[in-house]
Amino acid sequence: MERLKQALDRARAERAQATPTETEQPASAGKRAREPSRSTPTQTRDVVYQQTRGIEIDPRRLRDRRIVTPSMRDPAEAAYKVLRTTVLQKMRANGWNTLGVTGARQGNGKTLTTINLAISLAREMNQTVLVADFDLCHPAVARYLLDEPIPGISDYLRGEKSISEILFNPGIERLVVLPGNEPMADSSEKLSSPLVRDLVGELKTRYPDRFVLFDLPPVLAGDDVMAFAPNVDAFLLVVEDGVTTKDDLRRAYETLGSSQLLGTVLNKAVGDHDTYAYS
Ligand SMILES: Nc1ncnc2c1ncn2[C@@H]1O[C@H](COP(=O)(O)OP(=O)(O)OP(=O)(O)O)[C@@H](O)[C@H]1O
Ligand SMILES: [Mg+2]
């Protein structure tokens, strides 16, 4: 706890010296990052930032992968705005800023929903958004955005990279990505470790106006989501139209518990103009 307190105090001191805009924009010169410490995944470690680097992403790539950016006209954009506003109102009403996105099973659309919701949230002028890939077994956020693998959370958890070396801005204002890299074994142990707890604590408290979205594994695929649950204020459950069964939905509700379930998103809705709906 003492180390966490020190890290938070240091982050506050750094924050007093640098405005959020300076640190969230692509890096130009910037402070030097401290060398990553070589500790085991269960130990705590200070989180040290430098300016976030920018990586330009081909808009065609985003369009091909159904990612809705501010610069393109896409019918799905309106649906994501409705989702964004509903999510924001509920989160703000509770004073929450961390949301885990999960689904019952693989392939329901968790990652795409996370990315598109994050982009839509970042368009709200009042806040910065961090999208973090905590699907440690099947990290996919970076693969949606980039051709080449880049350092990710697995490198941080192994003590080989600092968070500063991993975070990037994908050319969308106010959006920062904490990508995954290689799949990791013992994912639920890692997700419930003090190292992850401290990292999430730092990520969500660094800026008062920051919203953090976590791309998570399927809730029924193992105990990863339950292991990570203490780190998030609420969950969004992605339901795939015609695929997610009533039984899976019931089990997912039971597992998540009503107190942490913000709502469900109906994804890939059939026979409707919108492929997304929220309840
Ligand atoms: N609304 C949608 N309309 C059409 N295709 C979609 C939609 N949402 C997701 N998909 C497609 O479904 C596939 C799975 O999506 P995604 O990667 O988001 O799922 P996931 O739940 O994160 O999967 P995993 O469990 O493997 O992490 C992708 O090919 C994606 O493009
Ligand atoms: Mg995924």
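This is a predicted model: local features need pLDDT of at least 70, side-chain atom pairs count only at pLDDT 80 or more; totals for chains, interfaces and linings use all residues.
Good morning, colleagues. I shall begin with the ligand. The shell around ligand 1 consists of 14 residues, and the closest among them are Lys110, Thr111, Leu112, Tyr144 and Asn267. In composition, this shell comprises 3 nonpolar, 7 polar and 4 charged residues. Which helix contributes the most to the shell? That is helix α5, residues 110-122, which supplies 3 residues.

Let me turn to the polar contacts of the ligand. The side chain of Thr111 places an N or O atom 2.8 Å from an oxygen atom of ligand 1. For Leu112, a polar backbone atom lies 2.9 Å from an oxygen atom of the ligand. For Asn108, a backbone N or O atom is found 3.1 Å from an oxygen atom of ligand 1. As for how much of the ligand is covered, ligand 1 taken alone exposes 630 Å², of which the protein buries 76%.

My second topic is helix α4, which covers residues 76-94.

Which residues of α4 are buried? They are Ala76, Glu77, Ala79, Tyr80, Leu83, Arg84, Val87, Leu88 and Met91. Viewed down the axis of α4, the buried residues fall within an arc of 165°, and they therefore line one face of the helix. On the face of α4 turned away from the buried side, the exposed residues are Val82, Gln89 and Ala93. Just after the helix, Gly95 adopts a positive phi of about 70°.

Tyr80 belongs to α4, and its relative accessible area is 2%. Because buried means under 20% relative accessible area, Tyr80 counts as buried. Along the chain, Tyr80 and Ile119 are 39 residues apart, while their C-alpha atoms are separated by 9.2 Å.

Is Arg174 buried or exposed? Arg174 is buried, at a relative accessible area of 17%. The side chain of Arg174 reaches the backbone oxygen of Ala122 at a distance of 2.8 Å.

Arg66, located in the loop between α3 (59-64) and α4, has a positive phi of about 65° although it is not a glycine. Arg66 counts as exposed, with 59% relative accessibility. Asp186 is likewise a residue other than glycine with a positive phi, in this case near 50°. Asp186 is placed in the loop between β5 and α8 (187-191). How exposed is Asp186, and what is the value? Its relative accessible area is 52%, and Asp186 is therefore exposed, the cut-off being over 50%.

Thank you for your attention.

Key
Residues are numbered from 1 along each chain as its sequence is written. Chains are lettered from A and ligands numbered from 1 in the order in which they are written. Side-chain values use heavy atoms; hydrogens and water are left out. A residue is near a molecule or strand if one of its heavy atoms lies within 4 Å of it. A polar contact is a pair of N or O atoms within 3.5 Å; within protein, one must be able to donate a hydrogen and the other to accept it, and residues adjacent in sequence count only if both atoms are side-chain atoms. Accessible areas come from the Shrake-Rupley method with a 1.4 Å probe; for residues, only the protein chains shown count as cover. Helices (H or I, at least four residues) and strands (E, at least two) are DSSP runs, numbered from the N terminus. Ala, Val, Leu, Ile, Met, Phe, Trp, Tyr, Cys and Pro count as nonpolar, Asp, Glu, Lys and Arg as charged, and the others, Gly among them, as polar. The expected span of a helix is 1.5 Å times one less than its number of residues. Buried means under 20% relative accessible area, exposed over 50%, partly exposed in between (1.4 Å probe, protein chains only). The arc is that of the directions from the helix axis to the C-beta atoms.
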